Structure formats: C-alpha cells, structure tokens
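Me: I'd like to go through this fold with you, one question at a time. Can you put it up?

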Amino acid sequence: MGRDVATNEAALPPELLVTMYARMAMARYFDTIMGRHAKENRIDGWWHPGEGQEAAAIGATAALHAHDYVFYQGRGTAWAIGKGMAPAAIFGDLLGRVNGSTGGKGGGVPHWCDPEIGVMGEGATLGSVYPLAAGAALAAQLRGTGQTAVANFGDGTAARGTFHETMVQAATWKLPLIYFCENNGLIVSMRLSDVSPTENIADYAAGYGIPGVIVDGQDAVAVHFAMSEAVARARDGEGPTLIEAKVVRRRGHWEGDPQQYRKETDPDALNYRDPLDVLGARLDADTAQALRESAEQAVQRAYEDARAAPAAHASIIWKDVYA
Ligand SMILES: Cc1ncc(C[n+]2csc(CCOP(=O)(O)OP(=O)(O)O)c2C)c(N)n1
C-alpha cells in the first residue's frame, strides 16, 4: 500500500473501538424503538429498519472527517449517528416534531439532515444519490477543500442508470467520491442473484478503471480500514473508489413486512453474525455492557424528548424551498 493508512488492527486506537461500539449500540436501540413505535401504528409512513447492517455505516463514518459529506440511503440512521447527529433530532423528523433537524418534515420517512456535520439527506428516489454526491464531490474539488463525498446505496440501486453515468464522469475527473454499497442481497422481496448479471457490485468498478473493494460488512473494523484507504485516495486526488460491504438485513424491508419470501434456512440467516458481537469481542465484556446500557438510556431519553415536543405545523412545507 502506497500511503499511510492503518491496516493493522493492533495499531488502532482503543478509543476508536469504543466510539464505534457506542454508536453502533445507539443505532441498534434507535431501530428497536422505532420498530416498536411503527408497530403500534404511530407512524405516518414506513420505517425501514437497518438492524444487522450497522457495522457498515459506523465503520465507514469513523473514517470520515466532520466536514465530509454523506448522502445516505433509506436505512440511514446509523450513518447519521456515525456522523454525530443527535438521536433526538432524528426522532423529531421521523415523528413530525419541531425539534427535528428539518423541523419535522420527515414524518415517518428518513429525511433528516445536518449540513454542518456533512449529513446531507437521503436520495429517496433510488439513484438520485449518485449525482447529488458527485455534485458535492465536484464542489469540494473546485474549491480545494479536501472534503470527500459518500454516496451510500443498496445493491438493488446499483442497477440505476445514474450509478453508471456518474461513475464515468467521476472516474474521469477523479472526483473525491466514494460509492459505498451495502449489499444485503435483497431488493424488497427479490434476491439480487435473480436480477443481477454480477454476483458482486464491486465488479462494476473494473469497467470504470477505479478500485472495487469487497469488505465484510458485519465487521466495523474491516469496513473502517477499507474506507480509510478510499478516503486517502480521494484526498490524494486519485478519484473514486467503489466499496461493497456484504451485510445482512435482519428484519423486513419495512417494519411490518410479512417476509414470506424468507426462510430460517436462508444462508444469510444461518451465517448471521451480529455486528455488535463482532466488534464487542474486541472489548472487555464490562466495557461493552456499560456502553450498551448508556446507549439505551440516551436513545430512550431522545425518543421521549421527541414525543414531548410539539407537532410541526403544516406551513413548514414552504420553508427551505429554493424556487
Ligand atoms: C426510483 C425508485 N424506485 C422504487 C423505489 C421504491 N423502493 C424503495 S427501497 C427499494 C428497494 C431498494 O433495494 P436496495 O437498493 O437493495 O436497498 P435495500 O432496501 O436492500 O437497503 C425500492 C424498490 C424508490 N424509492 N425509488
């Protein structure tokens, strides 16, 4: 490896493991509480749980600076938490409360954002994430700010034309852009293998002359190393990297999905390793338990704060509209 990027686990600062574990536990409790909230029919919209996929977002964001941009996908809680967003603001958006980061515009779907820390929102129309992130990467390149932009997407979304179109341009212009795929092998109820010509999304990178990296998405440390290398390449002016984290979607596409298309004998269920356990095995058991307990309390408090906040007024729909 030509540049100074950590790949030796023994050299990782122990506080990084602690931070990643605490954030992953927060994301997990956030999901648990939102799942319950959605089941009790208190949500206007759909909740798309990210349980099982937290290590990808948490390992990736731990390799970013605060000013780097993240455009997350529909299961994006862990990306926002990994970037340092307060859970109360995320709950506020989901529950349509004034304390949300958008003043409560989300209303059941993930539309939180906090540009100060580079959380730029969701590309809700699948495929819109690539030009949005490429635009941010181009702005960073033109301004010479040293920022990196991340386009986060699911395996199904690699079939969108914008994925391929932006990659031609981003690779040619060597934009500081990271394509980060969370490949859970499922597109709602379809298997990727039934609709994709390639087994790996990372294989597409070869066609555009950029590195395509496959990483164990259940392991935050492995993701962190892969992401650190991609960030260093972007900052050194070498252009985009495509990272594919192999992850497992533990729950339904949305909370309430009956999942008749899944079986307990599916390989992803049989081979499942909980990302909290994978990272927790590197910490001592008491530390891990204390981190889980304080994450649970903080997230519960944030949920209660959001529920106690006033509901957003419909007039906010006109706020932040450019034209
Ligand atoms: C253009 C467009 N088509 C369809 C949808 C509805 N939709 C939302 S999520 C989703 C599946 C996405 O699958 P994948 O990219 O693999 O991500 P995952 O849900 O597995 O995280 C679909 C079809 C949408 N949001 N945008």
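Me: Which residue in E8 does Phe180 stand opposite?

Reply: Quick caveats: this is a predicted model, where local features need pLDDT of at least 70, side-chain atom pairs count only at pLDDT 80 or more, and totals for chains, interfaces and linings use all residues. Numbering runs from 1 along each chain as its sequence is written. Strands here are DSSP runs of E, at least two residues, and helices are runs of H or I, at least four, numbered from the N terminus. E4 and E8 pair in the parallel sense over six bridges, pairing meaning that DSSP finds at least two bridges, and the residue opposite Phe180 is Ile243.

Me: On E4's other partner, E3, which residue of E4 is the bridge partner of Phe153?

Reply: E3 (residues 149-154) and E4 run parallel, joined by six bridges. In E4, Phe153 has as its bridge partner Cys181.

Me: How many residues of E4 are buried?

Reply: Buried means 20 or more other C-beta atoms, placed from the backbone, within 10 Å of a residue's own. Leu177, Tyr179, Cys181 and Asn183 point one way, Ile178, Phe180 and Glu182 the other, and all are buried. E4 is therefore largely enclosed by the rest of the structure, the buried count being seven of the seven.

Me: And what is the strand order of the open sheet?

Reply: It's a six-stranded sheet with parallel pairing. Its edge strands, E2 (119-122) and E7 (212-216), each pair on one side only. The order is E2-E1-E3-E4-E8-E7.

Note on methods:
A residue is buried if 20 or more other C-beta atoms lie within 10 Å of its own, exposed if 12 or fewer, and partly exposed in between; C-beta atoms are placed from the backbone.
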